[in-house]
Amino acid sequence: MAAGVTALAVATLLAQAATAGARAAARHWPVLVVLAATAVVGAAVWWVRRHSADRARATRLAGLRLPLSGIDALDDQEFEFALRDLLVRDGWTARQVGRQGDQAADVIGQHPALGRIVLQAKHTTVGAKVGSPVMYQVKGTASPVHGADIAVVVTNGSFTRDAKAWGDKHQVRWVDRDRLRLWAEHGVALHELLRLPTRRPQRRARRPAARPVRPRRPETTPERPHSAP
């Protein structure tokens, strides 16, 4: 009984609140219309500014050239952002993801024709060399962890002979100082520099055509000879 009275009281209060709200909206509808219009205009302005900024950034990066002397002066994280910008210049949608525990991925990019790429950045001194263990780590995480179609290790130094050979054999691309000069300074696109293959659209398997169903002939019973009377 008490629960029913409580429920009725709550329903009454809600009905009164709804009625009061409707009356307030009816009295102040011009203000509500202005507020709604302001919100719509604000959202439209934000969208236009954001897309204008994106287009301006893409235009600015289209002519991006980074000399190796400037790259050598960067720190590790700045080097990662520089590689991201180079990918964007080449037509990728890219983001910097490098941090502690990044599982051998510092930059991840996406391209409509080339697929998904993972870059592992190794900013070092000019005479230093990247060894095979880095190639093993990138190979072990690029596809299983990050879903990448392409894995690349980039350094402003060089690679050991074993690292290059292992990478060539196991599809872990490498960009050493000489290649980085072509990519960053001379503006050669990464996919052209590494001759990255374009993805072929997957074809759906064709189902075998259904065999036409032949109409079954009606079964006939052989006529019995009439017996002589």
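Strands β2 and β3 run antiparallel and are joined by five bridges; strands here are DSSP E runs of at least two residues and helices are H or I runs of at least four, numbered from the N terminus. Two strands count as paired if DSSP finds at least two bridges between them. The model is predicted, so that local features need pLDDT of at least 70 and side-chain atom pairs count only at pLDDT 80 or more, while totals for chains, interfaces and linings use all residues. Residues are numbered from 1 along each chain as its sequence is written, and side-chain values use heavy atoms, with hydrogens and water left out.

A hairpin of three residues connects β2 to β3, and Q110 stands opposite R116 in β3. On the other pairing, β2 (residues 107–111) is joined to β1 (residues 93–96) by four bridges, again in the antiparallel sense. R95 stands opposite I108 in β2. Buried means under 20% relative accessible area, exposed over 50%, and partly exposed in between (1.4 Å probe, protein chains only). In β3, six of the eight residues are buried, which leaves this strand mostly covered.

These strands belong to an open sheet of five, with the order β1-β2-β3-β5-β7 and mixed pairing. The edge strands, β1 and β7 (172–175), each pair on one side only. On average, neighbouring strands of the sheet are turned by 20° against each other, direction ignored. The pairing of β3 with β5 is parallel and extends over six bridges. Q120 has V153 in β5 as its bridge partner, and K122 has T155 in β5.

Helix α5 lies across β3, β5 and β7, and runs at about 150° to β5. Axes are lines fitted to C-alpha atoms, for helices over the stretch in contact, and angles run from 0 to 180 degrees between N-to-C directions. Helix α5 (residues 132–142) also packs with helix α6 (residues 161–169) at an angle of about 25°, with their axes 8 Å apart. The two helices α5 and α6 are therefore roughly parallel; angles under 35 degrees count as roughly parallel, over 145 as roughly antiparallel, 65 to 115 as roughly perpendicular and the rest as oblique. In this contact (heavy atoms within 4.5 Å), S132, M135, Y136 and K139 of α5 meet D162, A163, W166 and G167 of α6.

The axes of helix α4 (residues 76–89) and helix α7 (residues 177–185) come within 10 Å and cross at roughly 60°. Helices α4 and α7 are therefore oblique to each other. From α4, F79, L83, L86, L87 and R89 meet L180, W183 and A184 of α7.

The largest nonpolar core has 28 residues, and those with the most contacts inside it are L83, L87, L119, V154, L180, W183 and L190. A nonpolar core is a set of buried Ala, Val, Leu, Ile, Met, Phe, Trp, Tyr and Cys residues joined through side-chain atoms within 4.5 Å. At least two residues of this core come from each of α3 (68–72), α4, β3 (115–122), β5 (150–155), α7 and α8 (190–193). Helix α4 gives the most, with six residues. Apart from this core lies another, of 17 residues, including A104, M135, A148 and W174.
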